[in-house]
Amino acid sequence: MPVFAVDKPLNLTSHDVVGRVRRLRGTRRVGHTGALDPLATGVLVVAVEDSTKVVQFMERDSKDYLAWISLGAGTPTLDAEGPVEVQAPVPPLTAEAVEAALAQFVGNIEQVPPQYSAIQVGGVRAYDVARRGGTLDLPARPVTIHRLDLLGSYPTLAEAPAHVSRGADGWQPDPAGRPVPLPPALGDFPTLLVRASVGSGTYLRSLARDLGAALGVPAHLAGLLRTRAGRYDLADCLELDAVAEAAGHSDLSALPFEVVEVPAQTATELRQGKRPRRSEAGRLTVTHAGELVAVVDGDGVQWKTVRAWAGEKEG
């Protein structure tokens with residue numbers, strides 16, 4: 001069964017998308033490789049039936065985004081779900097000042113997650129506590145931000161670009177491009193458009209909050225479009241309902257590791273959980289006759305099976 005890259009609609013949770021795919025494909029076995037908030041849109045990778053095996057290998061994929069960050073207003077959710085709980089005037093900001101502030105967050109940093117998140121502390125989810133009016137002590141976590149580009153600064157969200165296309169350096173504003181469904185603005189606040197490439201576990205809502213703090217004002221994430229998740233680009237995504245009849249991607253094409261072809265005996269050994277002697281090191285995708293056999297870890301001496309797939313004759 002296949003892997004699908006879908007364009008998540010606005011106002012659906014990732015769980016909603018999984019539920020829709022279950023109905024469209026007639027199966028309960030559906031997983032995804034990295035949640036998107038309800039007010040975010042763009043690339044959500046879902047796996048169906050036996051393809052859920054690949055989810056564990058894709059959850060840590062890097063991701064690209066376009067983020068609309070409104071300055072001068074902070075919200076408890078850190079995004080446009082609101083409500084606005086703090087406001088402050090925004091002084092004139094040059095592009096150089098914003099770019100210098102963005103540069104502080106590029107690299108390996110510590111980031112405090114949002115209170116409205118699925119992170120658990122002592123078995124309790126942060127958003128459950130936040131919805132009851134409380135807070136959890138959420139320690140900063142290490143994340144990696146590979147790149148942050150300021151694409152523009154606008155007087156309000158309404159005046160910011162809402163059409164984009166893929167260019168040589170990534171997705172960017174384009175009046176003739178595809179429309180981006182943005183949430184309703186919480187007010188007329190100055191808005192930045194930022195292109196971000198980040199490692200797994202990075203919250204763009206937290207980045208919006210922290211960028212505002214670096215600029216001396218409250219801020220919130222006014223809109224978010226995920227343009228890439230691992231090897232899947234927004235340009236290649238399906239509309240959600242198209243999943244019903246689409247062929248999708250194979251498990252083999254979805255795995256992000258170097259592919260090594262092996263003889264039949266080695267394939268059998270891996271499927272039996274044995275550790276064949278091989279000199280290749282690192283995490284690898286192993287095939288026989290072009291068919292997916294296993295994901296393995298090699299230490300330069302032998303391979304250890306992390307996950308195996310049955311051959312066609314084995315069911």
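Helices (H or I, at least four residues) and strands (E, at least two) are DSSP runs, numbered from the N terminus. The structure is a predicted model, in which local features need pLDDT of at least 70 and side-chain atom pairs count only at pLDDT 80 or more, while totals for chains, interfaces and linings use all residues. Residues are numbered from 1 along each chain as its sequence is written, and side-chain values use heavy atoms, with hydrogens and water left out.

On a 1 Å grid over the protein atoms alone, a cavity is a set of points where a 1.4 Å probe fits but cannot get out; a pocket is an open set with protein on both sides within 12 Å along at least five of seven lines; lining residues have an atom within 4 Å of a point. The structure holds 1 cavity of 30 Å³ or more.

The largest pocket has a volume of about 1200 Å³. It is lined by 40 residues, of which A35, L36, D37, A118 and Y203 are the closest to its centre. Two or more lining residues come from each of α1 (14–25), β4 (63–71), α4 (126–131), α5 (204–215) and β15 (219–229). The largest share, 4 residues, belongs to α1. The pocket lining comprises 16 nonpolar, 12 polar and 12 charged residues.

Terms used: Grid points are joined across faces, edges and corners, and a volume is the space filled by probe spheres set on the points. Ala, Val, Leu, Ile, Met, Phe, Trp, Tyr, Cys and Pro count as nonpolar, Asp, Glu, Lys and Arg as charged, and the others, Gly among them, as polar.
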